[in-house]
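Student: Could we go through this structure together? I would like to learn where the words used for it come from.

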Amino acid sequence: MKFFIDTANLDQIREAAELGILDGVTTNPSLMAKEGISGKDQVMKHYKAICEIVGDGDVSAEVIATDLQGMITEGEELAELHPNIVVKIPMIKDGIKALKYFSEKGIRTNCTLVFSAGQALLAAKAGASYVSPFIGRLDDVSTDGLDLIEQIRLIYDNYGFETEILAASVRHPMHIINCAEIGADVMTGPLSAILALLKHPLTDIGLAQFLADHKKAAEAVKA
Ligand code: E4P
């Protein structure tokens, strides 16, 4: 499973990249705004900086336009910025047309704001490279987000769709583990959820014991 980090914060992206397990980054207009990034020049510069940190990994950059021509213009500009940019397109009617347009042009896309299996089926038929079901936001409204990942996995496998399932709106380490069990191709989440995978009290207790025993043995040799 690929690991993407869901942030526009350069320090967090750097920290995840330094771990050596980062496969890409997803951003959205809210995450960009959180970093105080606005205006075309600043936005483009920021995406470029993210691409440089990530190296080989994909970087999803979302269009703001909601009409077909606007999405095409913005998406083409974003795609020209760096070969690793994946144009993020919302799941709306013109978005489907834009996905088809970009797929025919060989520009990679990520269909965002997906909350149902029907939407995921449409995105795959339109040739999206990635589909982003938002599991955390479904959980927020008392609907099991993981059930949706399972449904999409089944549908895509039934027909051999190559669209990758990018489990988005991941909130905690169990989301990551469950997505891996179900067979999501990618997960995107905050650095905190990725780092939480590291933690186990028995690891800490075991390491403390190993180090203490090593120290004791070294002191015994010295004495
Ligand atoms: C996906 O690409 C989105 O940026 C994201 O995962 C949304 O997550 P949130 O529900 O935590 O805002």
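**Reading the terms**

Tutor: Gladly! Let's start with G24, which is part of strand β2, residues 24-26. A word on the source: this is a predicted model, in which local features need pLDDT of at least 70, side-chain atom pairs count only at pLDDT 80 or more, and totals for chains, interfaces and linings use all residues. Residues are numbered from 1 along each chain as its sequence is written, and side-chain values use heavy atoms, with hydrogens and water left out.

Student: What makes residues 24-26 a strand?

Tutor: A strand is a DSSP run of E with at least two residues, while a helix is a run of H or I with at least four; both are numbered from the N terminus. Residues 24-26 are therefore listed as strand β2. The chain has 11 helices and eight strands.

Student: Is G24 buried or exposed, and why?

Tutor: Buried means under 20% relative accessible area, exposed over 50%, and partly exposed in between, using a 1.4 Å probe and protein chains only. G24 has 0% relative accessibility, so G24 counts as buried. Buried residues make up 44% of the chain's 223 residues.

Student: Why is H214 called exposed?

Tutor: The relative accessible area of H214 is 58%, so it falls in the exposed class. H214 belongs to helix α11, residues 201-222.

Student: Which residues surround the ligand?

Tutor: They are D6, T26, N28, K88, F134, R137, A168, S169, R171 and T188. A residue counts as near if one of its heavy atoms lies within 4 Å of the molecule.

Student: How much of the ligand does the protein cover?

Tutor: The protein covers 86% of the 350 Å² of accessible area that the ligand has on its own. Such areas come from the Shrake-Rupley method with a 1.4 Å probe; for residues, only the protein chains shown count as cover.
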